[in-house]
Amino acid sequence: MSGVLVTGATGTLGDALVDRLVGDGRRVLAATRRPDDPPPTPEGDGAVEWIGLNLAEGRGIEAAVADANTVVHAATAPRGDAEAVDVRGTERLLDAAEGAGVEHFLYPSIVGVGEIPFSYYERKREAERAVEASPVPSTILRATQFHAFVDEILGAVARLPVWPLPTEFRAQPVDHREIAGRLVDRLAGGPSGRADPVGGPAVHTLGELASAYREARGLRRPIVRLPVPGAVAKGFRAGEATCPDRAVGTVTWESWLAERYGGSTDSAADRAGAPSR
Ligand SMILES: NC(=O)c1ccc[n+]([C@@H]2O[C@H](COP(=O)([O-])OP(=O)(O)OC[C@H]3O[C@@H](n4cnc5c(N)ncnc54)[C@H](OP(=O)(O)O)[C@@H]3O)[C@@H](O)[C@H]2O)c1
């Protein structure tokens, strides 16, 4: 039985993808740069084989795709060398996938990568173009920022006595488990080119997200508006990273916070992974 290759399988989205695929009884080829120290295998009827892959160095690529009929390419380097990993790495992976006869290449991307001139987003857009130009049948699914990502950013700021934040930035965070679910659902439908984007249930300002986060953690630090000049900030303020007409995620920021930090929940987080439309 050929398998589903998940690149970036140790990451936020990749981990949820492996969970979901194993739960669905799939054979998963989970790729990481450190296959000797894999995370625990999730429960389910499927199976996981951890394999070594370094997209920046071009190591393990042919072997990774050799036994895969489908690739979900979730490896990325937002804080590292995105040119080497996201652009050149994606091109190398596509070449190998073509050679191996991969039937479906799913690529998660981000809402706003074509509009906001942020360097990581520009690299993601280049990678999207490579996916579209490749003869390998593909699906590109753009999603808004993950709750986990917003949580991580605010967690870093929370160490400061005062929280300087571009409070007017707009975001529409979504539960990454719902995005994993949507990607896995796409396997059954086959390659579909550019899919409708997926956003979280509501658009918020970063100030609103930070206030709710502060309350959920029982903190009292002042949030101070940080003016940020430039085209990138303008794009985030204008809501270019949101898709209010595709607010199809069901897990709110408040229920994510309640699940993570305790407190009341509307239980939507418990239903993550079961997208409704
Ligand atoms: N985060 C968000 O808010 C968000 C929103 C929308 C879409 N997305 C997209 O969703 C996808 C996954 O994002 P994420 O936030 O889940 O990523 P992440 O948590 O940062 O994980 C990145 C993964 O990439 C792997 N990786 C890094 N460098 C590599 C290399 N040189 N070769 C092979 N693998 C490498 C890492 O694996 P090892 O360290 O184990 O090798 C890790 O598992 C990306 O395409 C991202 O653009 C993210």
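This is a predicted model: local features need pLDDT of at least 70, side-chain atom pairs count only at pLDDT 80 or more; totals for chains, interfaces and linings use all residues.

Q: How many residues surround the ligand, and which are the closest?
A: There are 26 residues around the ligand, and the closest are Thr10, Leu13, Thr32, Arg33 and Lys124.

Q: What about backbone atoms, say from Leu55?
A: A polar backbone atom of Leu55 is 2.9 Å from a nitrogen atom of the ligand. Gly8 has a backbone N or O atom that lies 3.2 Å from a ligand oxygen atom.

Q: What's the shell around the ligand like by class?
A: You'll find 13 nonpolar residues, 10 polar ones and three charged ones in the shell.

Q: And which element gives the largest share of the shell?
A: That's strand 5, with three residues. Helix 1 (12-23), strand 5 (104-110) and helix 4 (119-133) each supply at least two residues of the shell.

Q: Where does strand 5 pair, and in what sense, with strand 4?
A: Strand 5 and strand 4 pair in the parallel sense over three bridges. In that pairing, Val71 stands opposite Phe105 of strand 5.

Q: What does strand 1 do with strand 4?
A: Strand 1 (residues 3-7) also pairs with strand 4 in the parallel sense, over five bridges. Leu5 has Val71 in strand 4 as its bridge partner.

Q: Is strand 4 mostly covered or mostly open?
A: Mostly covered: five of the six residues in strand 4 (residues 68-73) are buried.

Q: New topic: where is His176?
A: His176 is in helix 6, which runs over residues 176-189.

Q: Why does His176 count as buried?
A: Because its relative accessibility is 11%, and buried means under 20%. Leaving out residues up to four places away in sequence, His176 touches Thr12, Leu13, Ala16, Phe146, Ala148 and Trp256.

Q: Last one: which residues of helix 7 are buried?
A: In helix 7 (residues 206-216), they are Leu206, Gly207, Leu209, Ala210, Ala212 and Tyr213.

Q: What do those buried residues pack against?
A: Several elements, including helix 5 (147-157), strand 7 (163-165) and helix 9 (253-261). Just after helix 7, Gly218 has a positive phi of about 65°.

Technical notes:
Residues are numbered from 1 along each chain as its sequence is written. Side-chain values use heavy atoms; hydrogens and water are left out. A residue is near a molecule or strand if one of its heavy atoms lies within 4 Å of it. A polar contact is a pair of N or O atoms within 3.5 Å; within protein, one must be able to donate a hydrogen and the other to accept it, and residues adjacent in sequence count only if both atoms are side-chain atoms. Helices (H or I, at least four residues) and strands (E, at least two) are DSSP runs, numbered from the N terminus. Ala, Val, Leu, Ile, Met, Phe, Trp, Tyr, Cys and Pro count as nonpolar, Asp, Glu, Lys and Arg as charged, and the others, Gly among them, as polar. Buried means under 20% relative accessible area, exposed over 50%, partly exposed in between (1.4 Å probe, protein chains only). Contact means heavy atoms within 4.5 Å. Two strands pair if DSSP finds at least two bridges between them.
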